[in-house]
Amino acid sequence: MDQLVAIRGFARVVEAGSFTRAADSLDMPNATLSKLVQDLEAHLGVRLLQRTTRRVTVTPEGRDYYEKTTRLLRDLDDIDTSFDIARSKPKGQLRIDVGGSTARDVLIPALPDFMARYPDIRIDLGVSDRSADLIGENIDCVIRGGALDNSSLVARAIGQAHLITCATPGYLKQFGTPAYPDELKNGHKLISYLSSQSGRAFPFRFERHGEQVEIKVVHRIGINESNAHLAAAVAGLGIIQTFGYAAGAALESGALVEILADWRPQPYPFHVVYPQNRHVSQRLRVFIDWLLQALPARIAVAPALSRARPRRPHEAGRPAR
């Protein structure tokens with residue numbers, strides 16, 4: 001038995017919560033990983049994991065062994081990294097998870113610069129708006145917007161995005177251009193962005209001169225993926241609230257028109273997030289450092305605030321000209 005390989009395999013099973021997911025992340029057969037853990041248990045003379053057909057649970061002895069050996073693995077990785085920094089460029093695989101529109105409009109357009117700087121780093125990019133399990137899925141880092149509520153993760157701020165409200169010229173001609181947020185409740189068709197965790201619609205938020213307004217109405221359509229969410233607005237299905245960087249091309253071409261520009265809410269924070277208890281490799285360090293330089297300006301993209309005269313309340317129902 002290669003004890004170090006067995007310890008790493010056992011640690012991945014604990015983190016992933018299953019042999020199948022751990023084996024996939026380690027790129028080894030499930031049977032091989034199972035044999036490694038069995039041999040490790042035989043070597044130690046204790047049961048580390050309880051296995052059933054449905055789940056894997058860690059025994060008290062297994063939890064104690066995991067905590068002690070992960071410290072050892074981190075120290076060993078730190079030693080290896082110190083030599084890597086001294087003698088070579090960063091190399092190896094990075095697994096990164098990012099939302100759909102952030103990948104399309106922010107990260108991917110900037111990636112050629114990173115790949116040119118670090119040609120020996122390979123990137124596996126997971127693109128979706130779901131909430132990823134960094135430890136269980138063996139993901140190095142995620143790029144996400146919004147509030148952070150998981151204290152077991154480390155977060156580095158990488159920028160703030162502007163939320164804008166927009167619709168097609170055809171929609172506004174048919175239904176009118178609202179001048180105040182409350183007008184969205186009067187017959188307007190809203191396209192909501194749905195939480196990938198709860199399935200609930202995020203409310204439309206607005207702010208002006210310290211006054212905050214939150215609009216919660218029954219939406220015409222709800223979508224839980226950012227690119228499809230934008231596409232629904234471009235198709236004329238209704239009014240959308242999205243990030244300035246996502247809608248930039250459609251606004252520039254005239255496919256979408258910003259409304260309620262004077263009511264933009266506070267900027268939306270974005271972070272790069274990674275597990276607290278995992279060794280930060282040299283390749284992840286340079287990637288995070290690069291993100292902190294390359295992404296803030298791209299995330300902050302937004303159209304200039306409209307200076308058009310707000311219509312009076314009695315004009316609210318008139319189609320835009």
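Start with contacts, meaning heavy atoms within 4.5 Å. Among contacts in the chain with a separation of 6 or more, 77% are between residues 24 or more positions apart. This is a predicted model: local features need pLDDT of at least 70, side-chain atom pairs count only at pLDDT 80 or more, and totals for chains, interfaces and linings use all residues. Residues are numbered from 1 along each chain as its sequence is written, and side-chain values use heavy atoms, with hydrogens and water left out.

The chain has ten helices and 14 strands. Those are DSSP runs, numbered from the N terminus: helices are H or I, at least four residues, and strands are E, at least two. Of the 321 residues, 43% count as buried, that is, under 20% relative accessible area with a 1.4 Å probe, protein chains only.

Three strands form an open sheet in the order 12-7-13, with antiparallel pairing; pairing takes at least two DSSP bridges between two strands. Strand 12 (240–243) and strand 13 (257–259) are the edges; each has a single partner strand, so one side of each has no neighbour in the sheet. On average, neighbouring strands here are turned by 55 degrees against each other, direction ignored. Strand 7 (residues 163–167) is joined to strand 12 by four bridges. In that pair, L163 sits opposite F243. Helix 8 (residues 244–253) packs on the sheet and touches strand 7, strand 12 and strand 13. Its direction makes about 110 degrees with that of strand 12. Such angles run from 0 to 180 degrees between N-to-C directions, with axes as lines fitted to C-alpha atoms, for helices over the stretch in contact.

Next, a helix pair. Helix 2 (residues 19–26) packs against helix 3 (residues 30–44) at about 105 degrees, axes 9 Å apart. The two are therefore roughly perpendicular, a class covering 65 to 115 degrees. Helix 2 brings F19, T20, A22, A23 and L26 to the contact; helix 3 brings N30, L33, S34 and V37.

What lies at L107 in helix 5? A kink of about 45 degrees, shortly before the proline P109. The bend is the angle between axes fitted to the seven residues ending there and the seven starting there. Buried residues of helix 5 include V106, L107 and A110.

Last stop: E207, in strand 9 (residues 204–208). E207 is buried, at 16% relative accessible area. Its C-alpha atom is 4.9 Å from that of W263, 56 residues away along the chain. Not counting residues up to four places away in sequence, E207 touches Q212, D262, W263, R264, P265 and Q266.

How values were computed:
Buried means under 20% relative accessible area, exposed over 50%, partly exposed in between (1.4 Å probe, protein chains only). Angles under 35 degrees count as roughly parallel, over 145 as roughly antiparallel, 65 to 115 as roughly perpendicular and the rest as oblique.
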